Amino acid sequence: MNNFQIFININISCKSFYFIINSDAQVQPIFYKKINLDHPIDENFFSQDGFEIILKKTILEIEKKFQIPIEKVNLMIEDKKLNTIDITVRENLENKNINKTIVEYLLQDVRNQILENHSEKKIAHIVIKKCFIDGEEYNNIPLGKICKNLVIEISFIYLHKPFVSKLELLLKNHQIEINKIICTNYAKSLIDIDIDDLSKAGSAVLKDNNLNEVGFYLKKS
């Protein structure tokens, strides 16, 4: 199933969720299913039998239709607004080169501080908004440039951790691993503003359409 990407999008504000499958071979999704609910979606919702029944039924439907086991999905969560923590970090480089190690250290340090002070938040995306080199503004970090002062504006996009953890556990109980956790509000900002296409939005994140987004994997930058 290397050429497939499965997305589950939970829309908290609209009380609905979607199952979407994209294929590298086609522009449009090869599977799209929307389910509307009569009650709010919160961390208690996933412990109710109704959602698990729908989940099991849809998993079986997909596996039967495509003759493949579902082992990994991309989880998309959509809220009323984009939740962010915006932080500015400063470093005195004393006429040294801006190198990758320095940037990684600054990002890792501020990320750890957020995780320590906001344990209820799940960081989904880290985006470098802009940086200033000796007062001059840049849209990205010019590695190798010599400067005295480096200032980086960073946006940490987060989700509600208890909500995400409950859903992670439920999927794990069905032997399904989460490949990527995506904030849908952020993902939609990466595609045409006139398009409300969940499949294109999810794929935009997986394809690293925003070159200023920073990824952390296995505790390494």
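Buried means under 20% relative accessible area, exposed means over 50%, and partly exposed is in between (1.4 Å probe, protein chains only). We're working with a predicted model, where local features need pLDDT of at least 70, side-chain atom pairs count only at pLDDT 80 or more, and totals for chains, interfaces and linings use all residues. Residues are numbered from 1 along each chain as its sequence is written, and side-chain values use heavy atoms, leaving out hydrogens and water.

**Exercise 1.** Work out whether Phe31 is buried or exposed, and how Phe66 counts.

*Solution.* Start with Phe31: its relative accessible area is 7%, so Phe31 is buried. Now take Phe66: its relative accessibility is 21%, so Phe66 counts as partly exposed.

**Exercise 2.** Describe the aromatic pair that Phe31 and Phe66 form.

*Solution.* First, the rule: rings of Phe, Tyr and Trp (its six-membered ring) pair if their centres lie within 6.5 Å; planes under 30 degrees apart are stacked, over 60 edge-to-face, and the rest tilted. Next, the numbers: Phe31 and Phe66 are 6.4 Å apart centre to centre, with 75° between the planes, making the pair edge-to-face. Then, the places: Phe31 lies in strand E3 (residues 31–36) and Phe66 in helix H1 (residues 49–66), so the pair ties together parts 35 residues apart in sequence. Here helices (H or I, at least four residues) and strands (E, at least two) are DSSP runs, numbered from the N terminus. Finally, ring pairs link Phe4, Phe31 and Phe66 into a cluster.
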